[in-house]
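Let's take a friendly look at the charged pairs in this one. Have the sequence and the 3D view open as you read.

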Amino acid sequence: MTISANTEHEALAALDARRSVPAKQLEAPGPDDATLLRMLRSASRVPDHGKRVPFRFLRIAGADRDALGERLAARSMERDPDIGDGALDKDRRRFSHAPLVIVVVAVLDPEDTKIPEVERLLTAGSVCFALLQAAQALGFGGSWLSGWPAYDPEVLALLGLDANERVAGFIHIGTPRIEAPERERPDPATLLTDWHAP
């Protein structure tokens, strides 16, 4: 398929307009099932060396968000019996703001010796970014978060992850309460260098 110049500029404008919306600023409604599947279809179109599909999706919605928050609060107290009330409440409400949280799970088969694990992990990370793009394209806001729950073995077991799986990101999706402010972006000209043969 050939992309016309006008379409290319529109696509670049969409990329340039991408902004994260803080999870606390996301509210209902979230995407319905059909819209979510449409988002996930776009998010799955990522570079994938060896066609391994090293990712899967886990949906957290409805009352399960608060239930998970209660379990996180309990786990927080196990990790730090002296945790303050503010930090404990933050963990309790961590998944309760946005109406939908998609966990992008990286599936890293240890038996796969042909494709380096880091490449498969990068594919899963690309899915996180593409899902943010898809959500914004359909009028929703999104935020890619991780935090300690993404690395805690007890939380990973609670989420049903296998030993060869990791959380690539918690993608919070909903309707923005605010227009996400722009922030300073790096100048690519300062990041670009040329390699020359020695």
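A salt bridge here is a side-chain nitrogen of Lys or Arg within 4 Å of a carboxyl oxygen of Asp or Glu. Keep in mind that the model is predicted.

Q: How many salt bridges does this rule give?
A: The rule asks for a nitrogen and a carboxyl oxygen within 4 Å. Counted that way, the total is 14 salt bridges.

Q: How many residues apart are R56 and E165, which meet in a salt bridge?
A: Their side chains come to 2.8 Å, N to O. R56 sits in strand β2 and E165 in strand β5, so we're looking at distant parts of the chain. The separation is 109 residues.

Q: Is E165 buried or exposed?
A: Buried means under 20% relative accessible area. E165 has 7%, so this residue counts as buried.

Q: Which helix holds E70, the salt-bridge partner of R92?
A: The side chains of R92 and E70 meet at 3.3 Å, N to O. R92 lies in helix α4, so the pair ties together parts 22 residues apart in sequence, and E70 belongs to helix α3.

Q: What is the relative accessible area of D152, which pairs with R75?
A: D152 and R75 form a salt bridge at 2.9 Å, N to O. D152 is in the loop between β4 and α6 while R75 is in helix α3, so parts 77 residues apart are tied together. R75 counts as buried at 19%. D152 is buried too, with a relative accessible area of 3%.

Technical notes
Residues are numbered from 1 along each chain as its sequence is written. This is a predicted model: local features need pLDDT of at least 70, side-chain atom pairs count only at pLDDT 80 or more; totals for chains, interfaces and linings use all residues. Side-chain values use heavy atoms; hydrogens and water are left out. Helices (H or I, at least four residues) and strands (E, at least two) are DSSP runs, numbered from the N terminus. Buried means under 20% relative accessible area, exposed over 50%, partly exposed in between (1.4 Å probe, protein chains only).
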